[in-house]
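Here is a short briefing for a first look at this protein. Start with the structure, then read the points by topic.

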Amino acid sequence: MRKWLIFAAGLLIMVVLSACGSKSQEDVVSALNEKVAEMKGYKANAKMTLQMGEDPQVYNVEVWHKNPDFYRVNLKNPKRDQSQMILRNKEGVFVLTPALNKSFKFQSEWPKNSSQAYLYESLVKDVMEDKGAVFKATDKYYVFETKTRYQNNKMLPYQVITFKKDLTPVSVKVQDPDKNTLVSVQFTKVKFDASFDKNAFDMKRNMTSAQLELPVMGEVKGKNKDKAFTVKHPTAKIDGAQLLDEEELATGSGKRVVLTYGGEQTYTLVEEKAAYEETALASTRMNGEPVDLGFTIGAMTDHSVSWTFEGVDFMLASKDLSKDEMLMVARSVSGTEVK
């Protein structure tokens, strides 16, 4: 009997100690908030996979953040030889396309005004602001199921965020309304309180360094000039909209294609080969907000979305479609090549 009592007491002590060692959702959220408040910045590497087209697209993502407001996000698709960079410094927000020697400047609150699946402090904000977030602690991880803060989040309203017990980010799965994962981010390396050179976030310096990683610039220009311009059609289906006309116009750089969709809802998609900028003395000022299309960064206004992808400029315009619908159409244009 005495042995049994000793065993029961020992078991009770283990249960109590185990309970004391576990952290509640409030404890973890508080620790995450404190981590962000104290850190001076970080460097992170991740692999981002998009499931929005017929074939998955994989991008390497490199993130630099210097507290409070400096950012450098480098997106590369190794298979497509495609790269793009988004910068935020004291002069504003810039989107760089090194292969075309182009930079665009936005007056924007990016990245504070929306969820960003590859930015640590943005993930923490998502966790903090969703009072209905679902929390689960495993042996190794803290897992949160939260709503996203995308400006137009009907297409991607949910996400699953996983942290290690030391609060390092592990992965993010961004989901559609049916909880299908359309965007996944897998962090491979994170260094908190990283140090940066004085000009680490300078636009011209980053443009030059990014171009040095490309083939000889003469070859890049030649590829862009000789590359066939293949028309792409959106694969997203919008109720009350169908293709009515496809018009090809001759331009100085080759051709411009205008796709007109009509019916109960109308929109126009214009495609034209992008020109290489021989001199990039100043950035082109853009209206609207930078928007992440997954495969590239575009510019969104109330009635349009414009972007460049694989040497082609795209512009989608509509007075009928909502911003959600325009984003859905734009993201699907990277899909099937029709002719």
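A polar contact is a pair of N or O atoms within 3.5 Å; within protein, one must be able to donate a hydrogen and the other to accept it, and residues adjacent in sequence count only if both atoms are side-chain atoms. This is a predicted model, in which local features need pLDDT of at least 70 and side-chain atom pairs count only at pLDDT 80 or more, while totals for chains, interfaces and linings use all residues. Residues are numbered from 1 along each chain as its sequence is written, and side-chain values use heavy atoms, with hydrogens and water left out.

**Confidence**
- Mean pLDDT (the predictor's confidence in each residue, from 0 to 100) is 85 for the protein, and 85% of the residues reach 70 or more.

**Helix α4**
- Helices (H or I, at least four residues) and strands (E, at least two) are DSSP runs, numbered from the N terminus.
- At the start of α4, a side-chain oxygen of D202 comes to within 3.2 Å of the backbone nitrogen of K204.
- Buried means under 20% relative accessible area, exposed over 50%, and partly exposed in between (1.4 Å probe, protein chains only).
- In α4 (residues 203-212), the buried residues are M203, N206, M207, A210 and Q211.
- These residues lie on the same side of α4 because they cover an arc of only 130° around the axis; the arc is that of the directions from the helix axis to the C-beta atoms.
- K204 and L212 are exposed on the other side of α4.
- An α-helix has 3.6 residues a turn, so residues three or four places apart point the same way.

**Cavities**
- On a 1 Å grid over the protein atoms alone, a cavity is a set of points where a 1.4 Å probe fits but cannot get out, and lining residues have an atom within 4 Å of a point.
- Grid points are joined across faces, edges and corners, and a volume is the space filled by probe spheres set on the points.
- The count is 3 cavities of 30 Å³ or more.
- The largest cavity has a volume of about 290 Å³.
- Its lining holds 21 residues, with S114, Y150, P290, V291 and D292 nearest the centre.
- β16 (289-292) gives the most to this lining, with 4 residues.

- V258 sits in strand β13 (residues 254-263) and counts as buried at 15% relative accessibility.
- Beyond four places in sequence, V258 touches residues including D245, L249 and T268.
- Q116 lies in the loop between β6 (102-106) and α3 (120-129), and is buried at 6% relative accessibility.
- Leaving aside neighbours within four places in sequence, Q116 is in contact with W110, P111, S122 and L123.

**Backbone details**
- The peptide bond from W110 to P111 is cis, with omega near 0°.
- N67 and P68 are also joined by a cis peptide bond, with omega about 10°.
- N101 is not a glycine, yet its phi is positive, near 55°; N101 counts as buried at 9% relative accessibility.
- D193, also not a glycine, has a positive phi of about 55° and is partly exposed at 48% relative accessibility.

Notes
1 Å grid on protein atoms, 1.4 Å probe; cavity = no way out; pocket = protein on both sides within 12 Å on 5 of 7 lines; lining within 4 Å. Contact = heavy atoms within 4.5 Å.
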